[in-house]
Amino acid sequence: MKNPIRATIITVDQARAMLKDQRDQRDERFPELAASGQYILPDYRLTRKREAFKIRRHTFLKKHFRSYVAFDSDNGQTLWIHNFPSLSEACFWLNTGLKPNDTDSTSSYQEWKTKHTDEIEALKEQLRAQHHEKKKPAAAAKPAHVSAVKKVKHTKK
């Protein structure tokens, strides 16, 4: 395969740490991000809110089912972030730098998707495994049913 997908699935805490790291270093001349690479955060979307006459821009991660946020910080200095409705579109952007609707490329999104089907399926299996791991502790945390309380009849005086 010519250009393999190097994306890693991350958690919300890791994504927030990356956003905080970027925010802390935005005024530095040559920022050095702690985590460099390509990452995908599942089931969240990025929202931005502008306040104070658009001087400050606040970035939030909001829970959104079947939505993906792609983080690209390969150069170690800039953190690029985009929302995507599917995992394959997020991987396409991380891999090629193009969005699925871009037409200035020699290869299209559909061609790329057919070439990388196995890698996308591997990422989907990883997501399913993480989802099942989350469900298991939640089911185990439920207490066993409470033992029956004996009722005692009180006699009237």
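**Surface of the predicted model.** The protein exposes about 12,100 Å², and carbon and sulfur atoms supply 52% of that area (Shrake-Rupley method, 1.4 Å probe). Of its 157 residues, 31% count as buried (under 20% relative accessible area, 1.4 Å probe, protein chains only). This is a predicted model: local features need pLDDT of at least 70, side-chain atom pairs count only at pLDDT 80 or more, and totals for chains, interfaces and linings use all residues. Residues are numbered from 1 along each chain as its sequence is written, and side-chain values use heavy atoms, without hydrogens or water.

**Fold and contacts.** Four helices and four strands make up the pattern, which reads β-α-β-β-β-α-α-α along the sequence (DSSP runs: helices are H or I, at least four residues; strands are E, at least two). Among contacts with a separation of 6 or more, 52% join residues 24 or more positions apart (heavy atoms within 4.5 Å).

**The largest pocket.** Its space is about 740 Å³ (filled by probe spheres set on the grid points, joined across faces, edges and corners). A pocket is an open set of points on a 1 Å grid where a 1.4 Å probe fits, with protein on both sides within 12 Å along at least five of seven lines; lining residues have an atom within 4 Å of a point.

**Lining of the largest pocket.** The lining holds 24 residues; Pro42, Asp43, Tyr68, Leu127 and His131 lie nearest the centre. Two or more residues each come from β2 (38-51), β3 (56-72), α2 (87-96) and α4 (117-141). The largest share, eight residues, belongs to α4.

Ten lining residues are nonpolar, six polar and eight charged. Asp, Glu, Lys and Arg count as charged; Ala, Val, Leu, Ile, Met, Phe, Trp, Tyr, Cys and Pro as nonpolar; the others, Gly among them, as polar.

Technical notes
Buried < 20%, exposed > 50% of the residue type's maximum accessible area, 1.4 Å probe, protein only.
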